[in-house]
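Trainee: I am new to this one. Could you walk me through it?
Mentor: Gladly. Let us look at it together.

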Amino acid sequence: MSGLPILSLMLAIPAVAAILCLFLEARPARLVALAATLVDLALAIALWANFDIGGAQWQFVERADLFGRFQWALGVDGVAMMLIVLSTFLMPLCILASWESIKQRVGLYMAMFLIMEVIMIGVFAAQDLLLFYIFFEGVLIPMYLIIGIWGGQNRIYASFKFFLYTLLGSVLMLLAMIAMIREAGTTEIPVLMNYDFPPEMQTWLWLAFFASMAVKMPMWPVHTWLPDAHVQAPTAGSMILAGVLLKMGSYGFLRFMMPMFPDASAQFMWLVFALSMVAVVYTSLVALVQSDMKKLIAYSSVAHMAIVTAGLYAFNQQGIEGALIVMLSHGVVSAALFFCVGVIYDRLHTREISRYGGLAVNMPAYSLFFMLFTMASIGLPGTSGFVGEFLSLAGIYEASSWTAFVCTTGIILGAAYMLYLYRRIVFGELTKDDVKAMPDITPREWAIFVPLAAVALWMGVYPESFLAPMRGDVTTVVARLAPAKPEGDARLTAGKPEAAAPHGEAHHAGGVQ
Amino acid sequence: MTGDLALIWPELILTIGGLVTLMLGAFAGDRQVGLYQFAALLTLAAAGAAVVALSGTDAAVFSGTLAVDGFGGFAKLIIYGASLICIAVAPRYFGAAMRAEYSALILFAALGMGIMASSRDLMTLYVGLELNSLASYVLASFLRGDDRSSEAGLKYFVLGALASGILLFGISLLYGFSGTTDFAGVATAMAGGIDIGLLFGIVFVISGLAFKISAVPFHMWTPDVYEGAPTPVTTFFASAPKVAAMALLTRVLIEAMGAAGPALAAWQQIIIFLALASIILGAVGAIGQKNIKRLLAYSSINNVGFMLIGLAAGTQQGVEAVLTYLLVYVVTTIGAFLFVMQLRDADGRMVESIPAYAGLSKRQPGLAAAMAVFLFSLAAIPPLFGFWPKYLVFEAAVNAGLVPLAVAGVVVSVIGAFYYIAIVKTMFFDEEAEMAIRSDGSRTEGAVITVSALWLSLVGFLFIPMLAAAAQSAASVLF
């Protein structure tokens, strides 16, 4: 587009700010971090505003032959652009969320978060396979330090588990990348997305990528690092982990596994569906019996991400679009829910659900926001959760009605555990003295809740703003998958693929919820 | 003959410089540290300059026994650079015990290593190796009054002598069954088929050299010697001789045995075994080590295993990967050992126990951050540069069709990551230890640590094109 290398600039600003933060005292470090993330948010909004919907698939492309064997190649399509917007949107909120709760080594903490921002933008913007891997894997170091230094009681176990689990998955993907580069003779992602790998090779490559992405997502049964990491991480760490890092896994599915290995994807559709079904039901049931708020929300993340994988592997327009909206919606809503936990954790310093109760009396504003995000997580029409879940389930139904059936029970279970959580924390008698003494949310917390709530409602009421930039990319992927796509069991008659009226459907399906 | 002399300037400079350093120490006295240090550093710099001046030459001198080529040049530059740093940091460490022999011995060792890296004949190979080894034995026991140092020297000597014997036996077999000690001649003999004598020769020669690179199962000396030897000497052992021995092994395997034909099949499986055994044992053995020098010894065993994966490929790409790996490994290792050298307890003694590093990031944030860079780089976590050579090595293995080896290698590398991040945990997550660790505050060491940490963090990636070109021109002379 313009001559301004906007993506490189978005990477450079937090990187410079991170180095600066290392040398600053607590207060200036907070300010620098906030300023840098806000500037990046402004740039991301500029990116969104200037994105030419229906234009070239790859926009804001930059290329510099810096590394010889691979390139500094950046560029975004609609999907990557929306995920970058999500990351930069959550980042200033994370900095604000840790404004007061982090007191030790603030400079290092802010530097780590800014590095995380660089890495997240890099993962979504990279157009070179090796550059992508470097960013993708690079996330381990800051996250390891964030969990390990500022985490809770059992932080060391959680940080090791996070690091080693994720690393083991990723190294196999690296070998697959080597094989791909050798076969195709290029490291450029856009070229590789249209390269036809031999089918038998695809199977192995798919499995290697799956090892990495499934851990990152995380999919059952390799999800066990997630509850530990979430529970131990500081509030902002959980927000970014649930909000963006999990999306790296599903982004990997959409960017790599589906367009690059369409035959293997079709071949393993049953596996993805099976694991997703188990995950939805199993983790929802596990969430139902949790006594720790953060663990509960962590398990609900696994369940939501399972709907994403199933939606992606429906191989049709609704399924993939729905999965993308679930990704964005879950990014906002789970971050908000973790912040809800953080707000009361900062006041009472416990995550035990039974220690709370009756917050509606003394924290009405908090209860309102918590209610909104609970509803969004359940998927109430009008909130972001509904649009994504409805679309993806409609897509899944087309591919496999049994999967759709099982995944839908997850939504009922989701309502059960979220409402049960809400009841135990917010309703009931306000009996405990220390809970009575808790003040309602502060202006700083308002400043975090309001944007999150606004986006959750916006995405629920007018999802077209978010879907429009991504639609073209979804169509491309669906076309790429079409030759390999197995026939679904729904046998729909003369469906109209241009589902241009999500509102109408929203109304129709409202009763199901 | 005179023409030949003009091509071995680096060796001549090192010989003369080493003798001059020794004389300066003898006549001006060991107290004149500045004087002989200057002579030694100047010698290495001049030898390095001579290597650069000779770049582009591809000749065999002295009746084809010594090669002057890009491959040797590449290895020599790393060797001289590492030796230079090991000399520069020594006086502060040894204090009153500093003597001119230290610098002179390192110069002679560097000379021997240069010959190792450029030998084209089994006899030159042996002469270079022994010159380096003898200097090393003395260096290991340089602190005569210290029991651990003497023990390290003795252990190194006994096991080193055994390895030399094995190597010599292998050389005699190769000579006996091929009728020549010339690498090219041996290769010709091997191309005609491997009989049992040549096969035994290959096994014994590789075993002898595996001792020098401390590949499993010939690694037993490494942790003890690394722990016992004075830290600057350990730094030296972990860096320069590894380069020389690896270059020598590469040359012997590719030039004397051949990268194709029946010999490849014979040596490839030995190297694959050594590689996997080194990676696994290096990773598992390091878990539970409490002494940082012992841990770094196991880390070096582990890293040698990864280099051998590149070598096992037996292709030019594999050799390029090995050369790149060597350079990055040497920079990381030197940085890590200098970090160890910087840390002192309240009485000014070295702190080698890992639990004592608890909470170091609060007391010494800069040093702890640099060490974290080294450790993550050794664990090959991008975006640190340690990732790149590992990538190249695995790429070479995959491209040579050794996919199972590569899969085994990457999976085991995760075990290695465990103990590296365990040290990061000690430094960053744990509460501060009672004992106050302070930094030695030396500017030379600080500068080297800073530069290597920066290079390994992100700057290194910008050097990839340069490094690739250098490694390619170096490796191409062997093929």
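**Getting to know the two chains**

Mentor: Chain B has 21 helices and 4 strands (DSSP runs numbered from the N terminus, H or I of at least four residues for helices and E of at least two for strands). This is a predicted model, where local features need pLDDT of at least 70 and side-chain atom pairs count only at pLDDT 80 or more, while totals for chains, interfaces and linings use all residues. Residues are numbered from 1 along each chain as its sequence is written, and chains are lettered from A and ligands numbered from 1 in the order in which they are written.

Trainee: Which element of chain B has the highest mean pLDDT?
Mentor: pLDDT is the predictor's confidence in each residue, from 0 to 100, and its mean for chain B is 89. Among the elements of chain B, strand 4 (residues 438-439) has the lowest mean, 76. The highest, 93, belongs to helix 4 (residues 70-88) of chain B.

Trainee: How are helix 7 and helix 8 of chain B oriented to each other?
Mentor: The axes of helix 7 (residues 122-140) and helix 8 (residues 147-178) of chain B come within 9 Å and cross at roughly 170°. Axes are lines fitted to C-alpha atoms, for helices over the stretch in contact, and angles run from 0 to 180 degrees between N-to-C directions. Angles under 35 degrees count as roughly parallel, over 145 as roughly antiparallel, 65 to 115 as roughly perpendicular and the rest as oblique. The two helices of chain B are therefore roughly antiparallel.

Trainee: Which helix of chain A gives the most to the side that touches chain B?
Mentor: Two residues are in contact if their C-beta atoms, placed from the backbone, lie within 7 Å, and the contact takes 27 residues from chain A and 25 residues from chain B. Helix 5 (129-138), helix 6 (140-150) and helix 7 (155-184) of chain A each give two or more residues to that side. With 13 residues, the top contributor is helix 7 of chain A.
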